[in-house]
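Subject: Structure handover

Hello,

Please find the structure below, with the sequence alongside. My notes on what was found follow after it.

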Amino acid sequence: MTATSPTRAADLDGVVSDVTRSDATLRRFLHGLPGVDQVGAEARAAGLGTRSIKTTAKAFALDLAIRMVDLTTLEGQDTPGKVRALAAKAMRPDPADPTCPSTAAVCVYPDMVADVKQVLGDSGVHIAAVATAFPSGRAAMDIKLADTRDAVEAGADEIDMVIDRGAFLAGRYLQVFEEIAAVRAACGDAHLKVIFETGELQTYDNVRRASWLAMLAGAHFIKTSTGKVQPAATLPVTLVMLEAVRDFRETTGQMVGVKPAGGIRTAKDAIKYLVVVNEVAGSDWLDPDWFRFGASTLLNDLLMQRTKMTTGRYSGPDYFTLD
Amino acid sequence: MVFEYAPAPESRSIVDIKPSYGLFIGGEFVDGGGTSFKTVNPATEEVLAEVAEADSDDVDRAVKAARKAYDKVWSKLSGAERAKYLYRIARIIQERSRELAVLESIDNGKPIKESRDVDVPLVAAHFFYYAGWADKLAYAGFGTTPLGVAGQVIPWNFPLLMLAWKIAPALACGNTVVLKPAETTPLTALLFAEICQQADLPPGVVNIVTGAGATGQALVEHEGIDKVAFTGSTDVGKAIARAVAGTEKRVTLELGGKAANIVFDDAPIDQAVEGIVNGIFFNQGHVCCAGSRLLVQENVADEVLARLKRRMATLRVGDPLDKNTDVGAINSAAQLARIRELSEIGAAEGAEAWSAPCDLPTQGYWFAPTVFTGVTQAHRIAREEIFGPVLSVLTFRTPAEAVEKANNTPYGLSAGVWTEKGSRILKIADKLRAGVVWANTFNKFDPTSPFGGYKESGYGREGGRHGLEAYLR
């Protein structure tokens with residue numbers, strides 16, 4: 001997933017070892033990043049939100065959004081039956097229309113991975129598992145690593161970890177960095193998404209710092225939220241993260257993906273996110289390898305809009321599967 | 001993967017453009033005595049309508065109608081009664097906002113997203129705001145007696161918004177008006193005349209006379225007016241000041257600008273880039289308070305410029321009625337010629353031009369968003385108002401140098417300061433000789449906020465409580 005140009009990669013190693021020498025150097029680096037003006041960032045996101053995406057552009061965006069969905073269930077009440085049904089839906093979101101693409105992945109708790117894998121097989125739909133004492137991240141390091149390894153061994157292709165927000169807010173950036181790096185190592189070949197829980201970090205300055213921290217530590221993806229804290233993903237938070245991955249590639253040559261998760265429920269919202277991806281990070285990120293939606297109810301609205309585009313009519317929710 | 005936005009044109013069907021328009025005098029549309037002229041859609045060069053030209057007799061009739069309305073009706077109404085009319089006008093503007101926005105974009109060339117989201121909402125807000133003052137003038141501190149008849153001349157860059165800035169405070173204070181819109185953009189003012197009829201505004205309180213410079217001159221020189229309010233170029237402003245010198249007429253002038261947008265090295269860079277873009281490319285740069293001089297601290301200049309160019313490459317230039325258009329058409333062939341001329345001078349004087357890659361339509365008046373680097377205070381493009389989508393970039397080393405360069409201009413309408421350091425904002429803003437100083441934003445307008453210039457940018461203030469002073473004694 002990670003596009004690395006070899007000459008730049010050496011620079012990145014140099015940067016990482018320089019800035020992570022101590023808590024103080026890491027703090028100096030993160031606090032040396034340009035600030036984010038809240039009013040300006042929100043105005044920019046709102047401005048992009050007024051783009052009018054119609055006809056062919058809308059059809060393109062709907063299919064792309066479906067392909068970017070990490071179809072998610074993260075409930076205490078999840079059972080093998082529930083996650084298998086979800087996996088079946090991820091493969092064939094619209095049983096009535098074989099041209100409808102699959103979603104990118106199914107996202108579940110680690111103990112559900114094996115059941116999902118049975119259904120998905122080699123369909124190409126990935127299995128993402130949340131780990132590291134999701135959603136609070138409050139556990140000992142060895143437990144977080146064991147959680148990660150369990151998920152990978154059960155067959156997860158992608159690990160969605162949470163950062164220790166307490167450590168971040170207390171200024172223990174090096175601890176957060178080392179945790180991410182250790183989880184990345186425990187992932188093996190699986191790809192790592194790092195969840196900030198931006199609703200708890202609260203400021204855009206924190207979001208920008210967390211983004212750089214995670215990217216320096218080796219994240220393949222940076223992700224807004226667990227979906228368990230409000231507010232979850234917002235357009236301006238995602239904009240700030242997209243600026244970070246854009247700037248990170250410019251500095252290091254390395255591309256990192258972005259995943260807003262939680263709170264994106266309508267096709268209209270999803271299209272706004274795609275516009276922001278397009279105009280802030282650029283078209284290279286318009287691919288399921290580099291941008292995902294963590295969502296559950298979003299998929300049905302995308303399907304309803306897609307059917308409307310092809311038939312010219314809206315059909316009711318009974319025409320789409322509930323899982 | 002390429003995400004192409006399909007055309008998303010706003011429908012024109014909501015506006016009904018008549019083949020010809022008369023003058024609005026004494027509550028009725030009447031023929032003009034001058035030679036009628038054509039107004040065109042600058043995006044296509046399509047002729048939209050024939051518009052009557054008011055000659056000096058027409059202006060005289062309009063001033064007399066305004067005087068009669070002032071003496072017989074408007075000055076006798078209580079503030080609360082005047083407010084009712086202004087509130088009614090404001091509500092009708094909101095109800096007919098889409099129509100006004102589409103017509104403004106067709107006649108002016110500005111993108112529909114700006115006429116829809118900026119111009120028309122601000123127009124309504126101005127009427128609401130000054131409606132609120134009409135019965136509270138005793139608390140504003142400028143007296144409660146209106147001046148009489150105001151002669152008002154407005155420019156083509158914000159046709160309806162400038163109309164609102166002029167008419168709303170004048171009427172709230174009890175004056176009647178004769179307003180001349182610009183010759184290239186008369187249509188929304190004439191639609192506003194219809195709105196005055198719809199609101200049952202007493203005849204003669206608002207009169208609209210269309211025409212070019214001669215009509216404007218006849219209006220400001222007319223002996224029957226008590227007050228001149230002008231927004232436009234500094235040259236015309238000076239001529240007006242000469243014409244009214246020695247008379248009893250009160251004058252406010254809102255003229256040109258060459259605003260400095262100052263970016264310090266501790267600025268929120270991404271938002272500063274947005275502010276630079278909004279400062280100079282908003283409304284195709286046809287903004288008197290445009291941030292046309294970027295002063296960027298030398299130690300971040302390369303980074304800011306790289307980001308600015310990347311951002312400029314995403315600007316969507318084209319059909320003003322497409323909802324995704326960011327930059328529309330230049331308002332007229334004459335203005336396009338002026339922008340081209342100054343740009344050529346900039347290049348000839350050794351500044352380096354870079355334009356955003358974009359396909360410009362073949363019909364109509366267009367100019368690609370352009371940035372000049374390597375500009376110094378000695379370049380004409382750093383001194384003269386271009387009034388187009390052309391940015392001149394200068395660098396500075398210290399806050400003192402930034403202030404010195406920012407103030408080194410005959411103008412003083414607006415300025416911008418970008419820094420995350422609050423104390424620096426206050427210190428710099430205090431030293432900038434400009435009527436409006438924006439901090440970490442640019443080109444933000446609000447009816448509660450006074451607006452006006454220092455030096456050759458004019459005198460008097462419009463907007464806010466201060467805006468009442470020009471219409472009371």
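A residue is called buried if 20 or more other C-beta atoms lie within 10 Å of its own, exposed if 12 or fewer, and partly exposed in between. Please keep in mind throughout that this is a predicted model.

Confidence

The model scores ipTM 0.95 and pTM 0.95. Chain B averages a pLDDT of 97, and 100% of its residues score at least 70. For chain A the average is 94, with 97% of the residues at 70 or above. One stretch of chain A to treat with care is residues 1-7, where pLDDT stays under 50. The model has eleven contacts beyond four places in sequence for that stretch.

Chain B as a whole

Chain B contains 13 helices and 18 strands. Its C-alpha trace spans about 65 × 45 × 35 Å along the principal axes. Among contacts in chain B with a separation of 6 or more, 73% are between residues 24 or more positions apart.

The two domains of chain B

Where they touch, domain 1 of chain B contributes 20 residues and domain 2 of chain B contributes 25. On the domain 1 side, helix 3 (97-108) and helix 4 (112-133) of chain B each supply at least two residues. By class, that side has six nonpolar, seven polar and seven charged residues.

One residue in chain B

B:Arg338 lies in helix 11 of chain B, which covers residues 333-348. Is B:Arg338 buried, exposed or partly exposed? B:Arg338 has 17 C-beta neighbours inside 10 Å, so it counts as partly exposed. B:Gly388 is 50 residues away from B:Arg338 along the chain, yet their C-alpha atoms are separated by 8.8 Å.

Where the chains meet

Contact between the chains involves 25 residues of chain A and 21 residues of chain B. On the chain A side, helix 3 (38-48), helix 4 (55-67) and helix 13 (267-281) of chain A each give two or more residues. Which of these gives the most? Helix 4 of chain A does, with five residues. The chain A side divides into ten nonpolar, eight polar and seven charged residues.

In soluble globular proteins, nonpolar side chains tend to be buried together. The largest nonpolar core in this model has 110 residues, and A:Ala65 and A:Val106 have the most contacts inside it. Helix 13 of chain A provides the largest share of this core, ten residues. Beyond its neighbours within four places in sequence, A:Ala65 is in contact with A:Ala267, A:Ala270, A:Leu274, A:Phe293 and A:Leu302. A second, separate core has 94 residues, including B:Val63, B:Val149, B:Ala150 and B:Leu253.

Regards

Conventions
Residues numbered from 1 in each chain as written. Chains lettered and ligands numbered in written order. Predicted model: local features only at pLDDT ≥ 70, side-chain atom pairs only at ≥ 80, totals over all residues. Contact = placed C-beta atoms within 7 Å. Helix = DSSP H or I, 4+ residues; strand = E, 2+ residues; numbered from the N terminus. Nonpolar A, V, L, I, M, F, W, Y, C, P; charged D, E, K, R; others polar. pLDDT = per-residue confidence, 0-100. Core = buried A, V, L, I, M, F, W, Y, C linked by C-beta atoms within 7 Å.
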